[in-house]
Amino acid sequence: MSQAQLDKLLSIFEKMPTLGSMSLEQERTNLDEGGARFLVPDDVTQEVVDADGVPAEFLVAPGADAERVVLYLHGGGYVIGSIKSHRYLMQNVSRFAAAKTLGLDYRLAPENPFPAAVEDATKAYCWLLAQGYKAKNIAIAGDSAGGGLTLATLVNLREKGIELPAAGVLISPWADLTGEAASVKARADIDPMVKPEGLYSLGDKYLDGTDAKNPLASPVFADMAGLPPLCIHVGGKEILYDDAITVADKARAAGVEVELLDEPELFHVWHAFAPMLEEGQQAVEKIGAFLQKQFK
């Protein structure tokens with residue numbers, strides 16, 4: 001554990017405004033500008049595309065196989081976040097998975113509540129198939145809400161009878177929007193990134209009256225039989241700890257291959273801080289190794 005790096009990050013988090021303390025516009029700008037501080041390296045190719053009506057962007061690091069692609073779904077509670085906020089993380093996944101990454105600007109709540117995000121992610125996956133990418137060469141990945149959205153999209157594809165991708169990657173997934181998991185309260189005081197009040201206020205905007213136990217909104221309640229191999233990463237200091245562990249347990253019980261990384265001392269989506277935290281970079285490299293094994 002690189003304690004000096006971790007301590008520096010924690011001191012930065014203490015000075016950051018809490019989620020829900022600013023206007024929606026300010027929240028969106030804050031996350032976008034914060035993520036954009038990590039510059040995409042010059043050796044990465046960026047291409048803006050239209051994924052059947054959904055704004056998207058290919059990020060291609062050197063060595064990426066042109067026939068392999070990771071559809072990446074950003075976090076942000078379904079209300080904030082974008083390609084801009086997650087470009088560095090997405091190109092890092094491309095670099096170590098040896099695959100192209102397709103970042104998606106799926107529609108956000110409250111303007112576009114559930115199921116808009118699931119519809120857009122499903123549409124983008126089908127667009128990739130229509131472009132000639134083979135399902136065995138596609139993975140879906142995401143962090144936080146994007147991790148939950150990844151799982152929901154896999155469930156939706158299965159229910160629609162669409163050929164499933166090679167794998168799913170869930171980074172600190174938000175898979176239970178009820179807020180009833182034990183870790184939400186038990187770890188609230190030790191989570192330096194996410195507090196229940198701010199997070200579940202975003203969830204209310206996304207649900208817009210939908211039952212929080214709807215399996216496409218909270219895929220922790222979904223039947224996971226038949227899903228592709230899952231890579232799940234979670235930190236021990238997360239209020240969303242139980243989301244990840246429950247998904248891993250349910251998936252394994254349903255016969256799904258699961259690779260779980262449980263980091264007791266780490267926080268929500270530590271991967272995004274790879275330029276400042278060696279454990280973040282190591283975690284991205286583990287995701288890359290997992291994906292390279294799954295691509296056929």
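How much space lies in the largest pocket? I looked this up and found about 1,100 Å³. I took a pocket as an open set of points on a 1 Å grid over the protein atoms alone, where a 1.4 Å probe fits, with protein on both sides within 12 Å along at least five of seven lines. The volume is the space filled by probe spheres set on the points.

The model is predicted, so I noted that local features need pLDDT of at least 70, side-chain atom pairs count only at pLDDT 80 or more, and totals for chains, interfaces and linings use all residues. Residues are numbered from 1 along each chain, and side-chain values use heavy atoms, without hydrogens or water.

Next I examined the lining, meaning residues with an atom within 4 Å of a point. The lining of the largest pocket divides into 21 nonpolar, 12 polar and five charged residues; Asp, Glu, Lys and Arg count as charged, and Gly is among the polar ones. Helix H2 gives the most, with five residues. I read helices (at least four residues) and strands (at least two) as DSSP runs, numbered from the N terminus.

I then turned to strand E5 (residues 138-143). Six of its six residues are buried, that is, under 20% relative accessible area with a 1.4 Å probe. Ile-138, Ile-140 and Gly-142 point one way from E5, and Ala-139, Ala-141 and Asp-143 the other way.

Finally I checked the neighbours of E5. Strand E3 (residues 65-73) pairs with E5 in the parallel sense over five bridges; pairing requires at least two bridges found by DSSP. Val-69 stands opposite Ile-138.

Conventions: Buried < 20%, exposed > 50% of the residue type's maximum accessible area, 1.4 Å probe, protein only.
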